[in-house]
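Here is a short report for a reader meeting this structure for the first time. Please look over the sequence and the model before reading on.

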Amino acid sequence: MSLPPPPANSDSADTSAPSLVRTYRVWQGSNVFLFGGRLIFGPDVKSIFISIFLVIVPIAVFCALVARKLLDDFPHHSGWSIMGVVIALTLFVLITLIVTSGRDPGIVPRNSHPPEPDDYNWTENSNNGQISTSRFPRTRDVIVNGITVKVKYCDTCMLYRPLRASHCSVCDNCVERFDHHCPWVGQCIGLRNYRFYYMFVFSATLLCLYVHAFCWVYIVRIKDFEKVSIWRAMSKTIASTALIIYTFVCVWFVGGLAVFHTYLISTNQSTYENFKYRYDPQTNPYNRGIFNNFREVFCSRIPPSKNKFRSKIPREPLDSYRRTDIRPLSPLMKRTTRHMELLVGNSVYNEHEEEESHHRDGSENETRSKDSESKDSGLTDKSLDLSKILHAERVDGQESSVGRYPPWETTPQVPDSIIEVGESNWNTGPRYSTQETV
C-alpha cells in the first residue's frame, strides 16, 4: 500500500515569494495619504483645517446672528432663501476645497533609473583613445504651434519633463501643467485639480461678497427701524460689523486670486509660466483664443491619474542597499549628491600617463640624489626603495589607485623640500579633473 505524498511546505513557498506592498506605502514623494491611498495630500495637509476653520466659523456666526434675524423681514417667507443660499455656497466651497486638496494633481511617475545609454552624448578623445560620457543635455527643444519650447531634464525623477510640467520642491514630484503649490489647500495645483481650485477661489469670493452684502442689509434695517445713525446701528450689531471687516479683508485675497486666474485662463497660462516666461500674446504657444482657452479648462475631459497608488508592487529588500552601497536619501541629500555628480561626472584618470609620470619622477629623483651631498644619500635610497615597493604593489593589482582619494579631492600639495626627498611616495595617487559639463 503506497503512502500519500507529503503536503507541500507552504511556509517555504511564502518565504521564497517576494512580499507585496501597496504603492502609496513606498511612495518616494513627500505626500500624505489617507484612507488606504484613496486620498493624496501635500506634506502641509494640516493647513487645510485652518482653511476650513476660516470658512465655517464666520458662516456659523452669520447664520446665527444675522441671517436668522432676517427670516421674517421679507414677504412670502423669502427670508429663508438667505439662509439657504449661504449654506449651499458654503457646502460648495468646502467640497471644492477638499476635492482640490485630496486628489492627484497630475504627478508624473518617476523613473527607477536614468534613460538608456543611447540617450547619452558620447565623446571620444583621439589623443589617448579614451571614451567618456557627458551628462544628459539639460534641455530639449520641442516645437509647439511653430514656436520652440524647451523641456528640462529632472534629476530627481530621472526623466525629461512633459510640456508645461515642473518639479514641486514641496511635494518632491514633477506635476503636469504645474501652476503653483498652494499652502492654503496643502496641495500642488496642476492639470487634474486646477479646475476645482478655480471653482474654490471663485465660489469663496462669491461667499464673501454675499455675507458682506447682507450684513449691510441688516445694519440698514436696524437704522431705519430705530431711526438712528449708521454708526449707532453698527454698534448695535457687533457681529455684523466684525463680519463686514472680515469679508472685506478676505475678498481682497480670494477675489484677487479669482481675477488673476481668470486672466490666466483667458490667455492659457499657468502661474509658473506667467512669472517665469511672461509670454506675450504673440509668443505664447498655448494660446488658442479666449473661448477655446476657457473650454479647455472647464469642458475638456480630465485625464486619469498616471499613478495607481493602491496597486501592489514587490517590496524592495533592505539588504539591496547594502549590496549596492546605496542608502535612501532625503530630497536635500539627493540634490547635494547630484550636484557632486555634476562636478565629477566627467573625471577621467589616465593610468598610462600616471605610470609615465611616476617613472619620470623617479628618474629625476635619482639624478638629484647623485648630485646631492652624502648626508642625504641614505634618506634618498630609502625613498627610492619605497617607490619601487609601491610601484610593484600597483602592478600586481594589490593597491587600488582609484579608491585612494575621494573623486572630489585632488592629490595633496607637498612642499618642494619633501618632494625632492620622496616625490614618488606622493604621486602614486590618481589625478582627477573636476571640470563641470556644460
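The sections below cover the basis of the model, its annotated segments, a surface patch, a sheet, the cysteines and some backbone angles.

## Basis of the model

This is a predicted model, in which local features need pLDDT of at least 70 and side-chain atom pairs count only at pLDDT 80 or more, while totals for chains, interfaces and linings use all residues. Residues are numbered from 1 along each chain as its sequence is written, and side-chain values use heavy atoms, with hydrogens and water left out.

## Annotated segments

An unreviewed UniProt entry carries the annotation "transmembrane region" for residues 48-67, 79-99, 196-220 and 241-264. UniProt positions follow the numbering used here, feature names are shortened, and annotations may be inferred rather than shown by experiment.

In the model, residues 196-220 are 100% helix and 0% strand. The end C-alpha atoms of that stretch lie 36 Å apart. Residues 241-264 are also 100% helix and 0% strand. Here the end C-alpha atoms are 34 Å apart. Helices (H or I, at least four residues) and strands (E, at least two) are DSSP runs, numbered from the N terminus.

## A nonpolar surface patch

Ile50, Phe53, Leu54, Val57, Val61, Leu65 and Trp184 make up a nonpolar patch on the surface. Together they have about 620 Å² of accessible area, computed by the Shrake-Rupley method with a 1.4 Å probe; for residues, only the protein chains shown count as cover. Patch residues have over 30% relative accessible area and no salt bridge; like charges are joined within 9 Å, and nonpolar side chains (Val, Leu, Ile, Met, Phe, Trp, Tyr) within 5 Å. A salt bridge is a side-chain nitrogen of Lys or Arg within 4 Å of a carboxyl oxygen of Asp or Glu.

Valine 57 sits in helix 2 (residues 47-65). Its relative accessibility is 35%, so valine 57 counts as partly exposed. Buried means under 20% relative accessible area, exposed over 50%, and partly exposed in between (1.4 Å probe, protein chains only).

An open, antiparallel sheet is built from 3 strands in the order 6-7-8. Strand 6 (139-144) and strand 8 (159-160) are at the edges, each with a single partner strand, so one side of each has no neighbour in the sheet. Two strands pair if DSSP finds at least two bridges between them.

Strand 6 pairs with strand 7 (residues 147-154) over 6 bridges. Aspartate 141 faces lysine 150, and isoleucine 143 has threonine 148 as its bridge partner. Strand 7 pairs with strand 8 over 2 bridges. There, cysteine 154 stands opposite leucine 159.

## Cysteines

The structure holds 0 disulfides (a disulfide is a pair of cysteine sulfur atoms within 2.5 Å). Cysteine 63 is buried, at 14% relative accessible area. Cysteine 182 is buried too, at 6%.

## Positive phi angles

Most residues other than glycine have a negative phi. Asparagine 145 has a positive phi near 55°, in the hairpin of strands 6 and 7, which has 2 residues between the strands. Methionine 158 has a positive phi of about 55° in the turn of the hairpin of strands 7 and 8, where 4 residues lie between the strands.

Arginine 177 has a positive phi of about 45°. Arginine 177 is in the loop between strand 10 and strand 11 (180-182), and it is buried at 11% relative accessibility. Asparagine 268 has a positive phi of about 55°. Asparagine 268 lies in the loop between helix 6 (238-267) and helix 7 (271-276), and it is buried at 2%.
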